Amino acid sequence: MYEWDFGFLWKYRMLLVGGVGYTLLFTVICILGGLAVGLVAGLGRLSSNKIVTAPLRAFVEVFRCTPVLVQLVWFYYALPVLTGIEMSAPVAAALCLSLYGGAFYSEIIRGGIISTDIGQTEAGQAIGMTRGQVMRRVILPQAFRKMIPPLVNQSILQLKNTSLLMVLAVPDLLYQGQVIAHDTYRPLEVYTFIAITYFVILFPVTLWAKRLEHGTSATKEA
């Protein structure tokens, strides 16, 4: 019978705390970067100019239809060869995950705007607003309420995707756990602790996301 013992993890507490901190910091960076990319791409895809929409659609489909792990490896190893620009593992990972998240955020933003009643746009234009003013003052505030639940869910996925950073030796929680497991030969306790840590971080966020979804549904019914 295997004897479980989590006591040894106290010796590696600083590694684990550092890994959690790095994971959360990376998540924030990738979410903010992804939202910026998604906003630009989502609004750009609403254009009627195919010269604008075609490359943006290609960007979205490429990132949505390829595994994020493959993207991470490609960005770190292949992109510097093609561009001649050397990138550290954290920079390559942040760029990749921001663009990956941006592809999904862009569709959420575009969908939220499209789902807004066309009558709102017509009403804004009828009182003399420009297209930009209608978008900023009328459409986006309404669309944003619809976007919040899926944006939160996608952000949760962004945090989960940080666990893939270990393939680039970025010192996130999973990478630090791997180091500890190799040092102690007790992977069961290490990876169980990591799983519990992710659960503790993500469970309250998922409950919040569900509450937001219910709130949005109740608003629609009202």
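This is a predicted model: local features need pLDDT of at least 70, side-chain atom pairs count only at pLDDT 80 or more; totals for chains, interfaces and linings use all residues.

Modeller: Here's a walk through the aromatic pairs, with a bit of background on the chain around them. Residues are numbered from 1 along each chain as its sequence is written, and side-chain values use heavy atoms, leaving out hydrogens and water.

Now the setting. The protein chain has 8 helices and 0 strands (helices are DSSP runs of H or I with at least four residues, strands are runs of E with at least two, and both are numbered from the N terminus). Its C-alpha trace spans about 75 × 50 × 25 Å along the principal axes. Of the 222 residues, 38% are buried; buried means under 20% relative accessible area, exposed means over 50%, and partly exposed is in between, using a 1.4 Å probe and protein chains only.

On to the rings. A pair of aromatic rings is described by the distance of the centres and the angle of the planes. Rings of Phe, Tyr and Trp (its six-membered ring) pair if their centres lie within 6.5 Å; planes under 30 degrees apart are stacked, over 60 edge-to-face, and the rest tilted. You'll find 9 aromatic pairs in the structure. One of them joins tyrosine 22 and phenylalanine 26, which are stacked at 5.9 Å centre to centre with 20° between the planes. Where do tyrosine 22 and phenylalanine 26 sit in helix H1? They're 4 residues apart in that helix (residues 13–44), so about one helical turn separates them. Tyrosine 22 counts as partly exposed because its relative accessibility is 25%, whereas phenylalanine 26, at 5%, counts as buried.

Compare that with tyrosine 76 and tyrosine 77, an edge-to-face pair with 4.8 Å between centres and 70° between planes. Tyrosine 76 is partly exposed, with 26% relative accessible area. There's also a cluster: ring pairs link Phe59, Phe63, Trp74 and Phe75.

One last stop, away from the ring pairs. Glutamine 154 lies in helix H6 (residues 131–161), and it's buried, with a relative accessible area of 7%. Leaving aside residues up to four places away in sequence, glutamine 154 touches Gly101, Phe104, Tyr105 and Ile108, where a contact means heavy atoms within 4.5 Å.
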